[in-house]
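Here is a quick look at some packing details in this model. Have the viewer open and follow along.

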Amino acid sequence: MNARILVVEDEMLVAALLEDRLAALGCRVIGPATAVAEALELLKAEEIDAAVLDVNIGGEKVFPVADVLAARNIPFLFATAYGSAGVAPPHNRREVLDKPYQTRALEHALRSALQSRQRH
């Protein structure tokens with residue numbers, strides 16, 4: 001896939017698993033960021049092709065990160081145990097991967113997101 005993917009995930013075991021899955025798909029992982037402020041700093045410092053965001057990061061909602069990504073037209077998806085009901089407007093139309101998710105579902109969602117960016 002050869003893409004730089006920002007990972008925002010506060011559970012280290014989940015983050016490690018996601019890193020492994022993304023590396024197997026040929027992606028370079030940026031992060032993982034374990035706090036919203038850390039993710040925002042990574043967005044300032046790194047070039048990002050797409051992002052995978054957990055909705056709840058240490059008790060804080062990830063939506064400020066989603067707002068920056070949307071403003072920059074960087075595709076992203078949410079990975080959460082809350083399902084689509086846990087995603088607030090205006091981001092509730094974004095792709096949501098239910099945790100625990102399968103590698104195939106992750107790959108499909110990322111490819112779809114990256115292709116939609118190329119079309120714009």
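Setting aside its neighbours within four places in sequence, valine 65 is in contact (heavy atoms within 4.5 Å) with Leu6, Val36, Ala39, Leu40, Leu43 and Leu53. Valine 65 sits in helix α3; helices here are DSSP runs of H or I with at least four residues, strands are runs of E with at least two, and both are numbered from the N terminus. With a relative accessible area of 0%, valine 65 is buried, where buried means under 20% relative accessible area, exposed over 50% and partly exposed in between, using a 1.4 Å probe and protein chains only. Its C-alpha atom is 9.6 Å from that of alanine 51, 14 residues apart along the chain.

A word on the ground rules: this is a predicted model, so local features need pLDDT of at least 70 and side-chain atom pairs 80 or more, while totals for chains, interfaces and linings use all residues. Residues are numbered from 1 along each chain as its sequence is written, and side-chain values use heavy atoms, leaving out hydrogens and water.

Now for the rings. Searching the whole structure turns up two aromatic pairs. Rings of Phe, Tyr and Trp (its six-membered ring) pair if their centres lie within 6.5 Å; planes under 30 degrees apart are stacked, over 60 edge-to-face, the rest tilted.

| Pair | Centre to centre | Angle between planes |
|---|---|---|
| Phe63 and Phe78 | 6.0 Å | 70°, edge-to-face |
| Phe76 and Phe78 | 5.5 Å | 90°, edge-to-face |

Phenylalanine 63 belongs to helix α3 (residues 63–71) and phenylalanine 78 to strand β6 (residues 76–80), so their pair ties together parts 15 residues apart in sequence. Phenylalanine 63 is buried at 14% relative accessible area, and phenylalanine 78 is buried at 0%. Ring pairs join Phe63, Phe76 and Phe78 into a cluster.
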